[in-house]
Structure formats: structure tokens, C-alpha cells
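Visitor: Could you take me through the disulfides here, one by one? I'd like a close look at that part, and then whatever else you think belongs on the tour.

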Amino acid sequence: MRKVLLAAAATGALVVSALVAAGTAQAATSQPCDIYASGGTPCVAAHSTTRALYGTYSGPLYQVRRASDNATQDIAPVSAGSYANAAAQDSFCANTSCVITIIYDQTGRNNRLTQAPPGGFNGPAAGGYDNLANATAAPVTIGGHKVYGVFVAPGTGYRNNNTNGIAKGDAAEGMYAIFDGTHYNSGCCFDYGNAETNSRDNGNGTMEALYFGNNKVWGTGAGNGPWIMADLENGLFSGVNQKNNAGDPTISHRFLTAVLKGEPNHWSIRGGNAQSGSLGTFYNGARPNVAGYNPMKKEGAIILGIGGDNSVGAAGTFYEGVMTSGYPSDATENSVQANIVAANYNTSGSSSGGLTVGSSISLRATTACCSTRYISHSGATVTTQVVAASNTATEKANASWIVRAGLANSSCYSFESRNSAGQYLRHYNYQLSLQSSDGSDIFKQDATFCTETGKNGQGTSFRSLNFSTRYLRHYNNNVYIASNGGSNAWDSASLWADDVSWVVSGAWTP
């Protein structure tokens, strides 16, 4: 758990004009898959939890399942060709937790993505399957409207091993995806694209998938990463050489457009800022100069968030992506990029319970039994304690925390003890304790929590960064990261929404 051309260009101009004229609340007359079709390279898979990828698409985008009763609901665009109806999800998931069970294929080919099965590696869920993504962990906006992405924590993965129309062998294909360029790790492998149909490593050239992260084992670009690279199986490639392509830049836009395309002995990596500007070309040339990649032996499965052999150590966030039949022209992709920019992805209004970095706070339980209890520590032990004006100065300080920018993600938070400098709330084996930072990546992840509106409608809930379906919970006065139902006592569904909701107040010791 811890492992094409002028016509297409004209189309692009029309797309932007249509989007501007229509305004953010109306559907575009043309969306990415319409643009690819007009360029002669139609979509054969189209996945998004944020918006329709065809101007006329009004079917379901994704499905969520709630923990309280295991009921499911499809989430569709608010109108044909428009953004996802996040309000429907919020209503369905109120006072409980939800996971994303299906990411539907908008092409009509039924190339939907579901919970990835075990393969060369097992996932952490029952039967060796991978985890499903927390449905509320990646809130953003499109055109000012709230939507949700797919937050992939290590252990999370989606797959379809029985597809229709996806490129096989050395056939030409293209793909793009929108990722969160600030959410990544060095684990293997945060991929979207073409993979093996048996969930195992079938040798060089049996994959062709977009990769994003800073893994340095197989290949690198310029700087320290993260990079857009191609996962071609047994290698992450940034160019013709096996190891390094200095033309592939470190790139970390908050919203990142990543593009990969391949045809016989020719492939390309492109990328850019999904919020502004054009695409750059980071590699365009022959297949890698390593045996097994020319010709390619693609098998035609689709993966998201994992490697072809179900390697499940990666992290990332996915908003939308497509795969095409044929090798798209740069002009077609440029028009798609213009459409993406006009869609106006943003983080504005995307978080709840925002805290002020540097402030001192206390965290009070909201469960009826325990509304006078605060998260506190005694030495390294973290519990909830009753705190009132009559308590000693030490007891008040033990229940006071300094808000720090998240050690592993600055969009989230870490909590330093008010009276034990350099020591932070950190989960280990699911239980909270107070520990000094050792500077390791795992410590930083364990000590980082992201805010959401309180699950019971009160205050704030704090989601673990690296166990994204688990939230800070008090249980028998101890503090855990807990899922809504599970094998551990502290995962009990009883009172879960109350127990994971906290009132943020001024610190007992400012």
C-alpha cells in the first residue's frame, strides 16, 4: 500500500468562438471528441467526471456509490454537452461517503472504466482488486461550476480489459488527459491509456499510455520532474533514448494537458497548461532505440491510475481524457487544447473549510456525546480530551495546533503542536500520534490532511492525503483515520459522519 490541418485549425477557431459566445452556463456546440472526429481521428474512448466530451452528449459521466446503504447513482451533465451535475452527487452523498464506481465511455463503445482487478500485483481491496476513488476528494470548477475529478491515492485503479476499437499491435492512436500537475509521486505508475488485456507485464511494447510523475527508475526529462512520459511497458520513455530526453521539461501546471500519440516507428509527447496557452512538443520522432518497441505490440486494454501489470503505488488526479483511432494532427490537438482552455478549469471555490496557514486552532468534536472534547496530545499520544477554561495552561496548549501548509501538498494542511515545536499530527497504522518530522516522503504524506465540508453538515472534515477514503475520526476517545465502514472497529458506520466532523475554533493557547 505504501508501492488534419487547415480545416482542423479553422474548426479550432470556431470552437473557441462558440464557447465564448455560448458562455459558461451553456453547452459548447463542439467538444474535444467532435474536434477529433472532424480531424479524421475519432475518439474510441472518452472518459470524464467533469464534463461532456461531445457537444451532444447527455448520458452518464460516472457513477457513485455511497457507504450508508451501498446505493448507486449516475451523474450526468446538467445539459447536453455541458458540465457535470455535482449538485446531484452532493445531495446523494450527503452525510455519508461515496466512491466512484464507474467512469462511463461517452463514445458509445462501452469502453467504461471500473475497479481494476488483480494482475501482476494485487490491489489492497477485497480479492486483490484496487481501491475505488473517493468521489469528493478532487473538487474543482469548470466555467465557475463545481465538478469533481478522480483522486488517485496509492492503491487506487480503474481498468477495462475487454475494449472495443482501441488500437492493437502497431496501429496508430492518440490520447490526451487533463491531470493535476501538482499531485504526483515517484511510484509506479500513474497512467492513462493502452495496456495489456490480462493485467500482467507481457513485455516491451505491449503498452502505450500517458504517464505523469517523477519516477526516475526508467527514464527522465529535464530537471527533477514531474514529467509527461510514455509508459510503453518495462520503460517510461521521454524520447528515443532509454534514459533521458532533455527536451522533456519538468512541468507542474495546476491543470495540465498531457498528450501522447503513436504510429509505426513514430511517436510524440506534447503538453501544456490546461488553463492558458498552447501545447508544446516535447518529443517527436522514432520509437525508442531499445529492442521490443518497434513494431509495437499494443493489446488494447485501458487503464487509469495504475501500471499495465496493476502496479498500484502511484498518485495523481484525472479530470478528463480520450483515446483516438488514428494519429491526430498537431492542428487537431491544438484545437482541442483551445477547447480545454475555454472550458475554464479552476480551483476557485473548490475547497471547503479553508484554514489560515500560520494560525493557531483547536479542533472540537461535534458528536453529541463528545462536543466538549478536543484533539489533544500527551507526549506522543493523541486522544480527545475535555478542555474548558478551568484547565491548566499545559492542558490547553496540548489541545492547540499551528496550521501549516501541507507537508506533502500545499493545497492541504499539516498540524504542528503548539507546545512541541517540530512535532506534527501523523497517522501510523491508522492511528494518530505526535511525531517529529524525519523529512521522508511517507512522513509528509501521513501528516497531510485535506479539508472538506463536515460530513454531518457541521464544521470541517479532514481527509487523509494518502488514504483518500479515510478521515480524522474520534472513536473511544482515540483519534484515527477511518473509512465509512470496514474491518476495523474505528471504521464503524455508526456515527461516522458525526465523528469525522470537527469544529475549528481559535486555539485554547493562541
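Guide: Let's start with the S-S bond of C33 and C43: its torsion is about -100°, so this disulfide is left-handed. The two sulfurs sit 2.2 Å apart, and a disulfide here is a pair of cysteine sulfur atoms within 2.5 Å. C33 lies in helix α2 (residues 32-38) and C43 in strand β1 (residues 43-48), so the link ties together parts that are ten residues apart in sequence. Helices (H or I, at least four residues) and strands (E, at least two) are DSSP runs, numbered from the N terminus. Both C33 and C43 are buried, where buried means under 20% relative accessible area, exposed means over 50%, and partly exposed is in between (1.4 Å probe, protein chains only).

A word on the source: this is a predicted model, where local features need pLDDT of at least 70, side-chain atom pairs count only at pLDDT 80 or more, and totals for chains, interfaces and linings use all residues. Residues are numbered from 1 along each chain as its sequence is written, and side-chain values use heavy atoms, with hydrogens and water left out.

Back to the cysteines. C93 and C98 are joined as well, S to S 2.1 Å. The torsion about their S-S bond is about -105°, so that one is left-handed, and both C93 and C98 are buried. Then there's C188 with C189, whose sulfur atoms are 2.0 Å apart; at -90° about the S-S bond, this link is left-handed. C188 is buried with a relative accessible area of 17%, while C189 is buried at 1%. The count comes to five disulfides, and if you number the bonded cysteines along the chain, the pattern reads 1-2, 3-4, 5-6, 7-8, 9-10.

On to the aromatics. A search of the whole structure turns up 18 aromatic pairs. Rings of Phe, Tyr and Trp (its six-membered ring) pair if their centres lie within 6.5 Å; planes under 30 degrees apart are stacked, over 60 edge-to-face, and the rest tilted. F415 and F462 make an edge-to-face pair, 5.6 Å centre to centre with 90° between the planes. That pair links distant parts of the chain, with F415 in strand β26 (residues 413-417) and F462 in strand β30 (residues 460-464), 47 residues apart. F415 is buried at 0% relative accessible area, and F462 is buried at 0% too. Elsewhere, ring pairs gather F179, Y184, F190, Y192, F212 and F318 into a cluster.

Some rings have a charge over them, meaning NZ of Lys or CZ of Arg within 6 Å of the ring centre and within 35 degrees of the ring normal. R66 lies over the face of F92, 4.1 Å from the ring centre, and the charged end of R463 sits over F151, 4.8 Å from its centre.

Last stop: H377, in strand β23 (residues 373-378). H377 is buried, with a relative accessible area of 5%. Leaving out residues up to four places away in sequence, H377 touches V382, N398, W401, S417, N419, S420 and L434; contact means heavy atoms within 4.5 Å. The H377 side chain also reaches the backbone oxygen of G379 at 3.0 Å.

Key
Polar contact = N/O pair within 3.5 Å; in protein donor to acceptor, adjacent residues only side chain to side chain.
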